[in-house]
Amino acid sequence: MDAGQIYAAKLTTADRAVMAIESDSDLAMGMAVGEPPAILAALARRAEAGTLSDLRVWYLLSQVHSGSTILRRELLGRIRPRCLFMSGVERALIKADPAAEALIDFVPCAFSGSPRLLRDEIELDACVLAVSPMDENGFFSFGAANDYTSVAAHCARTVIVEVNPAMPRVACSTPLHVSQVSAIVENHVPLLSFGEAAGSPEDEAIAALIAEMIDDGACLQMGIGNLPAAVCRRIEDRRDLGIHTELLTPAMAGLVHSGAVSNRLKTTHPGRSVYSFAMGDEPFYRWMDGNPQVYSLPVDVVNDASEIARNDNVVSVNATIQVDLHGACNSEFMGGRQYSAAGGQLDFVRGASASKGGVSIIACRSTAQGGTVSRIVPKLDGPVTTPRNDVHWIVTEHGAANLRGKTLRERAELLIGLADPKFRDELARGL
């Protein structure tokens, strides 16, 4: 059979497709924009009916589709989350019912390690994901969600795809062929949309400091949120920037539109903006669709520190929750609970540090909870996400400090200078 005939033979409804998912099995779910809403709703219906139980779901960065279906409070237990990155979905569940925390199993793992974990350690029974429509050669694109999902789709025993014409078709290293798919569900719905609001005064002050550290020819990695977007708005006059980033956003696309990004100086994939997953709005997804200037790769490739370092002048910008007086950063634990996860922060810190001319920047506002709590602290409240040995620049709205080559006392003095003035005396008394 040709690709079209294979497609037609495997096309079915979501309810029929998920009958292949067995109880007491391991399933990987597409991440963020890659969540397949129709398939997840069908899985939830099976769990509600009692025909599916002990389904271990492996995923990062859950969104509204999973939150309104398989991750509903009443289904926890039959659905057993194996969460590698906590999002607002899990935090809301725990806030509404603290007992839910015991039913959400957090698995510590660097984002770059998730493909290997799912491929080599878990032996996945199934993978469900959203994909772009099939091309003339029978291949689906992972679109906005390559990350770990592409690896999971290539190694799971059962693969169910949800074909959505709204998913952008983006070139990638390992597209998924229709012959590798167990079942196909069609569902034309808008992709999840994520806006970028104007930053707070503190964010704008931090962005101004970071922008001064980005020269022509830099290769960028930016995180999500208002702060990276504010940085991007301030560097639209740069030239010959490159993009090698875990997350691609509308703000980074704006740098392409402005002429700031050419990607011509990159060693890896010159002429292309490389990413692992993308989150934005409908115009952004349209810009990605069929765009030869963008290219997606699995996260174990994009976030490989040695791959990052092959490019010169890498500038990595990430956020943190706390910084201790020696420079160690906690970027994932808050209020006595796991808040997010390590993600790719340390990979890009190390990759940028190993890049010729590279700069690693970790930023945060100096305070939290309405200015009542200092983010510069004598001791972290959670795990070390980025060790003091790896930290390069720390930036708050009060300044920027290069910690390389500094003694412990010098680091403490610099970091106290980045704290909110009302906390500086208290922090200094601990020296």
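Colleague: Which side chains meet in a salt bridge at 3.1 Å, N to O?
Modeller: The side chains of Asp 15 and Arg 45 do, a salt bridge being a side-chain nitrogen of Lys or Arg within 4 Å of a carboxyl oxygen of Asp or Glu. This is a predicted model, in which local features need pLDDT of at least 70 and side-chain atom pairs count only at pLDDT 80 or more, while totals for chains, interfaces and linings use all residues. Residues are numbered from 1 along each chain as its sequence is written, and side-chain values use heavy atoms, with hydrogens and water left out.

Colleague: Where do Asp 15 and Arg 45 lie?
Modeller: Asp 15 is in helix α2 (residues 14–17) and Arg 45 in helix α3 (residues 37–49), so the pair ties together parts 30 residues apart in sequence; helices (H or I, at least four residues) and strands (E, at least two) are DSSP runs, numbered from the N terminus.

Colleague: What about Asp 54, which residue does it form a salt bridge with?
Modeller: Asp 54 pairs with Arg 80, their closest N and O atoms being 3.9 Å apart. Asp 54 sits in the loop between α3 and β2 (55–59) and Arg 80 in strand β3 (residues 79–83), 26 residues apart.

Colleague: Switching to Asp 237, is that one buried or exposed?
Modeller: Asp 237 counts as exposed at 57% relative accessibility, whereas its salt-bridge partner Arg 238 counts as buried at 14%; buried means under 20% relative accessible area, exposed over 50%, and partly exposed in between (1.4 Å probe, protein chains only).

Colleague: And how many salt bridges does a search of the whole structure find?
Modeller: The search finds 23.
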